[in-house]
Amino acid sequence: MDINMGLSKEQRETMATAVTALLADTYALYFKTHAYHWNVTGPRFHDLHTMFEEQYTELWTATDEIAERIRALGVLAPISYEEMGASAKIKHDASTPDANTMVANLVAGHEQVVRTARDALKLAEEHGDEATSDLIAPRITLHEKTAWMLRATLG
């Protein structure tokens with residue numbers, strides 16, 4: 001069935017590519033945050049363990065909302081870790097970092113998601129895709145705030 005919602009097929013595909021990049025970075029950050037939750041140690045264990053759990057739970061929920069936007073645009077969401085990883089700018093760790101490095105890595109991850117989201121938001125505005133804009137703008141706010149909160153724990 002043809003999709004006729006005011007965006008051309010090319011516009012929908014362009015937006016789906018941008019939203020897929022946001023999904024990939026969000027998913028990579030989700031996994032990194034969850035892994036840090038499992039593996040954090042040290043005197044700040046409890047506070048960081050709890051903070052990371054709150055963050056990965058929010059990120060997990062966001063991945064579903066972002067993937068559903070890709071589907072609403074008429075494009076398939078990524079189906080494999082390889083496909084997701086190919087679109088992500090956030091890369092996995094080669095080893096388990098210490099707690100401060102975990103926090104710094106998560107700051108960098110949230111900042112990357114903000115940059116990816118801003119790129120997608122700009123495209124959404126150019127193409128008149130208000131639904132994608134409505135999804136992305138609050139994500140930017142959330143990731144900027146989370147990066148600030150993480151930075152504040154580093155002193």
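What percentage of the 155 residues in the protein chain do buried residues make up? Buried residues make up 43% of the 155 residues, where buried means under 20% relative accessible area, exposed means over 50%, and partly exposed lies in between, with a 1.4 Å probe and protein chains only.

This is a predicted model, in which local features need pLDDT of at least 70, side-chain atom pairs count only at pLDDT 80 or more, and totals for chains, interfaces and linings use all residues. Residues are numbered from 1 along each chain as its sequence is written, and side-chain values use heavy atoms, with hydrogens and water left out.

## The chain as a whole

The protein chain has 5 helices and 0 strands, and its pattern along the sequence is α-α-α-α-α. Helices (H or I, at least four residues) and strands (E, at least two) are DSSP runs, numbered from the N terminus. The C-alpha atoms fill a box of roughly 55 × 30 × 20 Å along the principal axes.

Contact means heavy atoms within 4.5 Å. Among contacts between residues at least 6 apart in sequence, 79% join residues at least 24 apart. The protein chain exposes about 8,600 Å², and carbon and sulfur atoms supply 55% of that area. Accessible areas come from the Shrake-Rupley method with a 1.4 Å probe; for residues, only the protein chains shown count as cover.

## Selected residues

| Residue | Relative accessible area |
|---|---|
| Ile 66 | 0% |
| Arg 69 | 13% |
| Leu 73 | 0% |
| Val 107 | 7% |
| His 110 | 2% |

Ile 66 is found in helix α2 (residues 45–72). Leaving aside neighbours within four places in sequence, Ile 66 is in contact with Val 19, Leu 22, Leu 23, Thr 26, Leu 135 and Arg 139. Arg 69 lies in helix α2. With neighbours within four places again left aside, the contacts of Arg 69 are Val 19, Asp 129, Ala 131, Thr 132 and Leu 135. Between the C-alpha atoms of Arg 69 and Thr 20, which are 49 residues apart in sequence, the distance is 9.3 Å.

Leu 73 is placed in the loop between α2 and α3. Beyond four places in sequence, Leu 73 is in contact with residues including Ile 3, Met 5, Leu 7, Val 19, Asp 129 and Thr 132. Leu 73 and Met 5 are 68 residues apart in sequence, and their C-alpha atoms are 9.2 Å apart.

Helix α4 (residues 99–127) holds His 110, and Val 107 is in helix α4. Leaving aside neighbours within four places in sequence, Val 107 is in contact with Ala 147, Leu 150 and Arg 151. On the same terms, His 110 is in contact with Leu 29, Gln 55, His 143, Thr 146, Ala 147 and Leu 150.

## Pockets

Rolling a probe the size of a water molecule over the atoms shows where empty space is left. On a 1 Å grid over the protein atoms alone, a pocket is an open set of points with protein on both sides within 12 Å along at least five of seven lines, and lining residues have an atom within 4 Å of a point. Grid points are joined across faces, edges and corners, and a volume is the space filled by probe spheres set on the points.

The largest pocket holds about 420 Å³ of space. Of its 20 lining residues, the closest to the centre are Ala 28, Phe 31, Lys 32, Lys 91 and His 92. Both α1 (9–39) and α3 (81–87) supply at least two lining residues, and α1 gives the largest share, 8 residues. By class, the lining has 12 nonpolar, 5 polar and 3 charged residues. Ala, Val, Leu, Ile, Met, Phe, Trp, Tyr, Cys and Pro count as nonpolar, Asp, Glu, Lys and Arg as charged, and the others, Gly among them, as polar.

The second largest pocket holds about 190 Å³. Its lining includes Met 51, Gln 55, His 110, Leu 142 and Met 149, and α2 and α5 (130–153) each supply at least two of the lining residues. This lining divides into 3 nonpolar, 3 polar and 3 charged residues.

Methods:
1 Å grid on protein atoms, 1.4 Å probe; cavity = no way out; pocket = protein on both sides within 12 Å on 5 of 7 lines; lining within 4 Å.
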